[in-house]
Amino acid sequence: TELKMLSTLDNPNDNQRVSLVLLQEAAAGTKIVVTDREVISGALQVTTMFGTVSEGVIEITFDAPAPCGSELTISVQRRLNNSFIYTVSGGGAPRISFSTPGNGFDLSSAGESVIVFQDGNPNTANPARYLTALDNSGGGFGSQSVTGRTELPPGLTVGVNAVALPTDNTENDTEYDNAWYDCTPNSGTAAVLSGAVNTVGNWVLTNNTNRGFNNCGFTCQPDC
């Protein structure tokens, strides 16, 4: 399964969203895991230095085939007691089959990374396969010197299946609160769409405007 990140939004009122697009059909039963954990020294940071669970994961299972071009939206809502409600919508009848309890998946407005992988154990530190990654720490992929910064996951390439968003210099911040792909192009081969989605110049970056729930309406074209 090939996926690409479309947006990360750290919205007001503690409502957050992450969007993805499939650039390869996903068969029924396919599972993916979305996490805000960082890769440090080549491995996902599963626990903190104090031995507690660090950040969270959301495992999504497709109960029906999801065609190429399908878009997924994961919504995160924080309750008053600091627990979370996770929902997912999109093609392939997706459902959340596992999520980290307690202090789970929660996008930080001070900087964040989102990584998608596949593994039989959603809490693994060494996934069998990384699918895509987005760094929105303002510093690009690298050592964890700023909040939310991650190393580039093994096997991924910036501009191909990973994207690092730039520093926000407009408000003396390190990163943008809201970011999304501008939907141009939204038709092409998997390679064309993958390159476009992972090109920083095709992203809208803002601290004030939310993307809303509009999809790009992707159309996948054959390679030949």
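A disulfide is counted here as a pair of cysteine sulfur atoms within 2.5 Å. In general, a disulfide is a covalent bond between the sulfur atoms of two cysteines. The structure examined is a predicted model, in which local features need pLDDT of at least 70, side-chain atom pairs count only at pLDDT 80 or more, and totals for chains, interfaces and linings use all residues. Residues are numbered from 1 along each chain as its sequence is written, and side-chain values use heavy atoms, with hydrogens and water left out.

By the sulfur distance rule, the protein has two disulfides. One of them links Cys183 and Cys216, with an S to S distance of 2.0 Å. The torsion about this S-S bond is about -70°, so the disulfide is left-handed. Cys183 sits in the loop between strand E13 (178-181) and strand E14 (187-188), and Cys216 in the loop between strand E15 (203-206) and E16, so the bond ties together parts that are 33 residues apart in sequence. Strands (E, at least two residues) and helices (H or I, at least four) are DSSP runs, numbered from the N terminus. Cys183 is partly exposed at 23%, whereas Cys216 is buried at 8%.

Another disulfide joins Cys68 to Cys220, again with an S to S distance of 2.0 Å. Its torsion is about -80°, so this disulfide is left-handed. Cys68 lies in the loop between strand E6 (57-62) and strand E7 (71-78), while Cys220 belongs to strand E16 (residues 219-220), so the pair ties together parts 152 residues apart in sequence. Cys68 is partly exposed, at 26% relative accessible area. Cys220 is partly exposed, at 24%. With bonded cysteines counted along the chain, the disulfides follow the pattern 1-4, 2-3.

Strand E11 (residues 129-136) has seven of its eight residues buried, so it is largely enclosed by the rest of the structure. Two strands are taken to pair if DSSP finds at least two bridges between them. Strand E10 (residues 112-118) pairs with E11 in the antiparallel sense, over seven bridges. In this pairing, Phe117 stands opposite Tyr130 of E11. E11 also runs parallel to strand E12 (residues 162-164), to which three bridges join it. Here Ala133 stands opposite Ala162 of E12.

Of the 224 residues, 51% count as buried. A nonpolar core is a set of buried Ala, Val, Leu, Ile, Met, Phe, Trp, Tyr and Cys residues joined through side-chain atoms within 4.5 Å. The largest such core holds 21 residues, of which Ile32, Val34, Ile60, Phe62 and Phe105 touch the most other members. At least two core residues come from each of strand E2 (15-22), strand E3 (31-35), E6, E7, strand E8 (84-90) and E10. Apart from this core lies another, of 14 residues, including Val21, Val163, Tyr181 and Phe218.

Contacts were defined by heavy atoms within 4.5 Å. Leaving aside residues up to four places away in sequence, Ile60 touches Thr30, Lys31, Ile32, Val34, Ile74, Val88, Pro94, Arg95 and Ser97. Among contacts in the protein with a separation of 6 or more, 67% involve residues 24 or more positions apart.

Methods
Buried means under 20% relative accessible area, exposed over 50%, partly exposed in between (1.4 Å probe, protein chains only).
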